[in-house]
Amino acid sequence: MSDAAGTAARAGAGPAAAGPGEAIIRLDHVSRVYQVGESQVRALDDVSLAIARGEFAAVMGPSGSGKSTMLNVLGCLDTPTSGSYLLDGERVEGLSEDRLAEVRQKRIGFIFQSFHLVPRMTAARNVELPMIFAGVEPRLRGERVQARLEAVGLGPRAHHRPDQLSGGERQRVAIARAMVMEPSILLADEPTGNLDSRSGDEIVALLERLNQAGLTVVIVTHDPRVAAHARRVLRMSDGRLVEE
Amino acid sequence: MRRRDLTAFAFQTLTLHRLRTGLTLAAIAIGVTAVMLLTALGDAAKAYVVREFAGVGTNLVIVVPGRTETSGGMPSFGGTTRDLTLEDVLAVARQCPAVRRATPMSMGTAPAEYGGRSRDIRVIGTTSEFADVRKLAMESGEYLPPGDPRQGEHVVVLGTKVARELFQGENPLGKTLRVGEWRLRVIGVLAAKGISLGIDYDDQVQVPVSVGLKMFDQSGLFRILAEAVNPQAVPIAQREMRAVLTRRHDDEEDFTLITQNAMLQTFGAVIDALTGGLAGIAAISLAVAGIGIMNVMLVSVSERTGEVGLLKALGARRRQILQVFLVEALMLSGGGALAGIVVGLIAIAIAGGIWTFIPLRASPIWIGVVLVLAMGAGVSFGILPARRAAALDAADALRGRH
């Protein structure tokens, strides 16, 4: 299956050729243009891409190559200037801000280089956050929070605040939070960038485990060692996909 | 998002910055307390004036010598002001059908002495009708006897405090009290009445008006009090009295007629304006406190840009972000208002305990108004920062840009 998807998604022009049933992410001729003063910056330049359900993909490239914009577009935090984006069969461009928020809430989990934990809240409260904003009933939340924290090996640290946790533990809390709404895709932005190599390895191993359980994972990273774990590596340069 | 989650979320944020939150709460509380105290003071002043003038009686018309343009002020002096005389009183009583009874009033202060005890005392000279007009009751003995006001006997009626202090438990009836150069026989003691129209009826004595005028060598009366047949007849009585007295004073209106309504209206209007002004000034401090809330919220939004980005990435809607920050602003203003109300109530209770003569009371209406004002300030000054947070671009905010 990964072979099929691998040949299907290709850098450059032409619609991605993956079957619509298989691709969970499908970009067709997507561009994202920013107006900076007088000049236009093409952060994404005619990108077509298909990522199959259950894939583990890494996006690499130098700073300013457009990988962050790519991740924002994939995560529905940013919308393409042109082209179309099908996420799990749903057309994303043209959706209202609230609908995009709903898509993020239900289908996408995010983890970040700087963890983005709310510092005044315990690990458990941080993991609970997405459910609070989704209006999940309070009595259902506690169990789910505990299950997610145990799944990342932090069951006993549920009531620690982020400043009482190590970097690796913080990122594991962030992963538990990303998974608590049971998304179909996990988007990771330099997840090991702020970690020592041992913690980084643990995080990558955790992501691999989640992937093996069926989760689609897309990682943006500088680190070749992280990318080596991905079954598919996408390289970007000047807003284009240049190499697989 | 559930209401409890929303408040818990806001509460957690506010308790993080204790000092900042505390100072903002204090600013609101001070504004609220100021509004409460000043309006309570204004209301108390009005209640005080109303209470004082209500003692005048609804069908009373008071004649003051001298012409003043406004009712209720000090009469002007000089000019061709004629004295108010006992003949004027008799004319009013006889010639004005709308007047049930009229009574003269002279006033002076003289030393009173009995059994070696002496003190200065206010002496009112009047007639038997005065007790009816001023609704005075007797504790013992008789009031001044009826008869020609120009020929009074040498008798005196005592206020209860005077009787108590000068006679020290002795029965004063029939005893002789020395007032200035005069020796007067005590014929009665008034029942306690307290202060009315600026006169403490417990701390004065009353003598026949002819005695009062002679005692202080006065040619004219201090006041004439006339009682209309009923409250509705007051304007008619006023018209009749003005006509009779003007005719008697060589067609010159050199006197002033005062009624309870006129006084209440004048003072009431002045005090209402004053209360409104005070409340307005206090409300300015609320507006300043509101700006404080805005400032704190703006700082909070800019500190928490990354958090807003995160919440958006986690699926929070624009409206939810707006709510989160607005609820924080509301908790600040509401909490501050409640604290201010509590402090205000305590301050009013303490002040009311110290200055018992002022009827200080926190009015529920003003508490409601000030609560609404404070919450309104919270919302109106909180909406801008909340909007700014809600409008943040998720991707930019995650990177800490705004």
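# Chains A and B: sheets, annotated spans and the interface

Modeller: In this predicted model, L27(A) stands opposite L49(A), a residue of strand 2 of chain A.

Biologist: Which strand of chain A is joined to strand 2 there, and by how many bridges?

Modeller: Strand 1 of chain A, residues 23-36, is joined to strand 2 by ten bridges, and the two run antiparallel.

Biologist: What sheet do these strands belong to, and in what order do its strands come?

Modeller: The sheet is open and has four strands of chain A in the order 2-1-4-5, with antiparallel pairing.

Biologist: Which strands stand at the edges?

Modeller: Strand 2 (39-52) and strand 5 (90-91) of chain A do. Each has a single partner strand, so one side of each is left without a neighbour in the sheet.

Biologist: Turning to chain B, how many bridges join strand 2 to strand 3?

Modeller: Nine bridges join strand 2 of chain B to strand 3 of chain B (residues 117-126), and the two run antiparallel. Within this pairing, T109(B) has R122(B) of strand 3 as its bridge partner.

Biologist: What lies between those two strands?

Modeller: Strands 2 and 3 of chain B form a hairpin with two residues between them. In the turn, G115(B) has a positive phi of about 55°.

Biologist: What about strand 11 of chain B: how many bridges join strand 2 to it?

Modeller: Six bridges join strand 2 of chain B (residues 99-114) to strand 11 of chain B (residues 223-228), which run antiparallel. One bridge partner pair is A102(B) with A226(B) in strand 11. Strand 2 of chain B also pairs with strand 6 of chain B (residues 176-179), in the antiparallel sense over two bridges. There, A112(B) stands opposite V179(B).

Biologist: Which residues of chain B does UniProt list as "transmembrane region"?

Modeller: The unreviewed entry lists residues 21-41, 273-294, 325-358 and 364-384 of chain B.

Biologist: What area do the chains bury?

Modeller: Chain B and chain A bury about 2,500 Å² between them, and 55% of it is on carbon and sulfur atoms. Of the area that chain B buries against chain A, R2(B), L314(B) and R317(B) supply 24%, more than any other three residues.

Biologist: How many salt bridges are there between the chains?

Modeller: There are five salt bridges between chain B and chain A. R141(A) and D5(B) meet in a salt bridge through their side chains, at 2.3 Å from N to O. Twelve residue pairs are in polar contact between the two chains.

Notes: Residues numbered from 1 in each chain as written. Chains lettered and ligands numbered in written order. Predicted model: local features only at pLDDT ≥ 70, side-chain atom pairs only at ≥ 80, totals over all residues. Heavy atoms only, no water. Buried area = accessible area lost by both parts, 1.4 Å probe. Salt bridge = Lys/Arg side-chain N within 4 Å of Asp/Glu carboxyl O. Polar contact = N/O pair within 3.5 Å; in protein donor to acceptor, adjacent residues only side chain to side chain. Pairing = 2+ DSSP bridges. UniProt positions renumbered as here; feature names shortened; annotations may be inferred.
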